[in-house]
Amino acid sequence: ITAEVASINFILLENIRKRFEKWSLTQTIGDIFLTLAPYFKVYQSYIDLHDNVLQINQTNKSNKEFQDILNIGLNHPLSRGNTFESLLILPIQRIPRYVLLLNDLKNNTPEEHPDFNNIKESCEAFKKVADQINYGVGKAKARAQCAQIQATLESAFGRSLTIQLVQPHRILLKEGIVIKQGQKGKSQKNLFLFNDLYLLVPSSYSPFVTIAPHFLKETKVEEDSSLGNGFKLIYFGKSCII
């Protein structure tokens, strides 16, 4: 994937260089960007692997052989003192910079110039690619967040959850401490609210407590002022106030 990302940028650079060798006031470069724009979707595959690579690096922090090989690259002059994480994010930052470049070209190119429409269309094309990349980054972060929550809870309780939190559609909306009032009185809970379910986890972990997911589509929510700005949650006949 990194080879494909490097290749498409190299092709762009070489094509622009050829145009500059024959530069004139009517020369065009917008058509190059426009033609190559669809191929920059390869960045999506790079993003999909981004978090996995970070995790591999984190897992091998104590692996001397792995770190020695990594440091050879980080100590190279081309690394310019960047960390591994900084270098890994650089390719993702390139697309927004292309958008800024094309937008600047459009603003400084007369509308009657033969390249104006090419630049304008290229700008829109790269904005779409950037939006897709941002969406992919968001999904990757959401998956990582869900995985981290699952790992933390399973480590604290010493066993697997009854549900796999990492799902393509699932994102964390909110987490925090709430007061739950149920049949057994008041207790402090950690709330993890996702876009399709929520978890109410005891603040003091115990291996005897079961963490059961409550799905939003099966939960009825009513306002309740008994706990201040509270809500009553009704799930399969059982209710509580938070």
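A salt bridge is a side-chain nitrogen of Lys or Arg lying within 4 Å of a carboxyl oxygen of Asp or Glu. I wrote that down before anything else, and I also noted that I am working with a predicted model.

**Entry 1: the count.** I looked up how many such pairs the structure holds, and the number is 5 salt bridges. Side chains of opposite charge can pair when their charged atoms come close. I followed up some of these pairs in the entries below.

**Entry 2: R19 and D31.** I began with R19 and D31, whose side chains meet in a salt bridge with 2.9 Å from N to O. I then looked up where the partners sit, and found that the pair links distant parts of the chain, with R19 in helix α1 (residues 2-21) and D31 in helix α2 (residues 30-36), 12 residues apart. Next I checked accessibility: R19 has a relative accessible area of 22% and is partly exposed, while D31, at 23% relative accessibility, also counts as partly exposed. Both values call for care in the wording, because buried means under 20% relative accessible area.

**Entry 3: K64 and D68.** Here I found a salt bridge in which the closest N and O atoms of D68 and K64 are 2.8 Å apart. Both residues belong to helix α4 (residues 64-74), where they are 4 residues apart, about one turn of the helix. I noted that K64 is exposed, its relative accessible area being 62%, whereas D68 is partly exposed at 36%.

**Entry 4: R170 and D196.** Which parts of the chain does this pair tie together? The side chains of D196 and R170 meet in a salt bridge, again checked from N to O, at 2.8 Å. D196 lies in the loop between β2 (185-194) and β3 (197-202), and R170 in the loop between α6 (116-157) and β1 (172-182), so the pair ties together parts that are 26 residues apart in sequence. On accessibility, I recorded that R170 is buried, with a relative accessible area of 4%, and that D196 counts as buried at 16%.

**Entry 5: N60.** Lastly I turned to N60, which lies in the loop between α3 (43-59) and α4. What does the side chain of N60 reach at 2.7 Å? I found that it is the backbone oxygen of I56. I also looked up the contacts of N60 beyond its neighbours within four places in sequence, and these are with F66 and Q67.

Note on methods:
Residues numbered from 1 in each chain as written. Predicted model: local features only at pLDDT ≥ 70, side-chain atom pairs only at ≥ 80, totals over all residues. Heavy atoms only, no water. Helix = DSSP H or I, 4+ residues; strand = E, 2+ residues; numbered from the N terminus. Buried < 20%, exposed > 50% of the residue type's maximum accessible area, 1.4 Å probe, protein only. Polar contact = N/O pair within 3.5 Å; in protein donor to acceptor, adjacent residues only side chain to side chain. Contact = heavy atoms within 4.5 Å.
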